[in-house]
Amino acid sequence: MPGIDQVLAQAMGIPGVLGAGLIDWTSGLTLGTAGQAPNGDHDAAAADTAEVVQAVARNATFDTAGATAPALEDLIITAAGSYHLIRFVHTAFDSQTYLYLWLDRAQANLAVARIRLRELAAGLVAS
């Protein structure tokens with residue numbers, strides 16, 4: 001089973017990925033990073049994306065799955081020239097982490113990135 005560093009290394013192999021991280025969304029702290037970060041600062045990117053995640057997670061509008069499944073799977077933010085993809089890591093215990101990818105919009109295939117990130121999150125949970 002892959003560990004954090006291995007998962008992030010595999011994430012860097014996804015076409016168009018500029019950088020990746022595993023982030024605790026309650027604190028906004030990085031648990032691991034790879035590659036580049038927006039504005040060259042992984043810690044700032046972690047804090048900024050954690051604020052977005054917190055805003056979405058505490059909003060009942062997005063909780064449509066009910067008690068049968070985890071409410072949120074991923075978030076996609078599009079910007080000029082890039083995508084920001086956030087995948088929640090759901091575990092048996094109350095994990096509040098997510099995998100974050102920063103992608104070059106001209107090089108990335110968003111559908112492929114979502115599928116691969118879902119697989120990486122599942123592998124991280126199994127480890």
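In strand S5, Trp102 is the bridge partner of Gly19. That pair is a handy place to start, because strands of a sheet pair through backbone hydrogen bonds, either parallel or antiparallel. Strands S1 (residues 17–24) and S5 (residues 97–104) pair in the antiparallel sense, over seven bridges. Helix H1 (residues 4–11) packs on the sheet and touches S1, S2 and S5, and its direction makes about 150 degrees with that of S1.

Before going further, a word on where all this comes from. The model is predicted, so local features need pLDDT of at least 70 and side-chain atom pairs count only at pLDDT 80 or more, while totals for chains, interfaces and linings use all residues. Residues are numbered from 1 along each chain as its sequence is written, and side-chain values use heavy atoms, with hydrogens and water left out.

## The overall plan

How many helices and strands does the protein chain have? The secondary structure comes to three helices and five strands. Both kinds of element are DSSP runs numbered from the N terminus: helices are H or I with at least four residues, strands E with at least two.

The five strands form an open sheet in the order S2-S1-S5-S4-S3, with antiparallel pairing. Strands S2 (29–35) and S3 (74–79) stand at the edges with a single partner strand each, so one side of each has no neighbour in the sheet. From one strand to the next, the twist averages 15 degrees. Two strands count as paired if DSSP finds at least two bridges between them. The angles run from 0 to 180 degrees between N-to-C directions, along lines fitted to C-alpha atoms (for helices, over the stretch in contact).

The protein chain has 127 residues, and 39% of them are buried. Buried means under 20% relative accessible area, exposed over 50%, and partly exposed in between (1.4 Å probe, protein chains only). Among contacts (heavy atoms within 4.5 Å) between residues at least 6 apart in sequence, 51% join residues at least 24 apart.

## Salt bridges

Some charged side chains pair up too. A salt bridge is a side-chain nitrogen of Lys or Arg within 4 Å of a carboxyl oxygen of Asp or Glu. By this rule, the count comes to three salt bridges, and here they are.

| Salt bridge | Distance between closest N and O atoms |
|---|---|
| Arg87 and Asp74 | 3.5 Å |
| Asp74 and Arg114 | 3.1 Å |
| Glu119 and Arg116 | 2.8 Å |

Take the pair of Arg87 and Asp74, which form a salt bridge. Arg87 lies in strand S4 and Asp74 in strand S3, so the pair ties together parts that are 13 residues apart in sequence. Strand S4 covers residues 82–89. Is Arg87 buried or exposed? Arg87 counts as buried because its relative accessibility is 11%. Leaving aside neighbours within four places in sequence, Arg87 is in contact with Glu73, Asp74, Tyr98, Leu99, Leu117, Arg118 and Ala121.

Asp74 is buried as well, with a relative accessibility of 18%. Not counting residues up to four places away in sequence, Asp74 touches Leu85, Ile86, Arg87, Phe88 and Arg114. Asp74 also forms a salt bridge with Arg114. This pair links distant parts of the chain, with Asp74 in strand S3 and Arg114 in helix H3 (residues 110–126), 40 residues apart. Arg114 counts as partly exposed, at 33% relative accessibility.

Now to the pair of Glu119 and Arg116. Both lie in helix H3, three residues apart, which is about one turn of the helix. Glu119 counts as partly exposed at 41% relative accessibility, and Arg116 also counts as partly exposed, at 28%. Salt bridges that share partners join Asp74, Arg87 and Arg114 into one network.

## A residue in a loop

Where does Asn39 lie? Asn39 sits in the loop between S2 and helix H2 (42–57). Phi of Asn39 is near 60 degrees, a positive value in a residue other than glycine. With 84% relative accessibility, Asn39 counts as exposed, whereas Arg87, at 11%, counts as buried.
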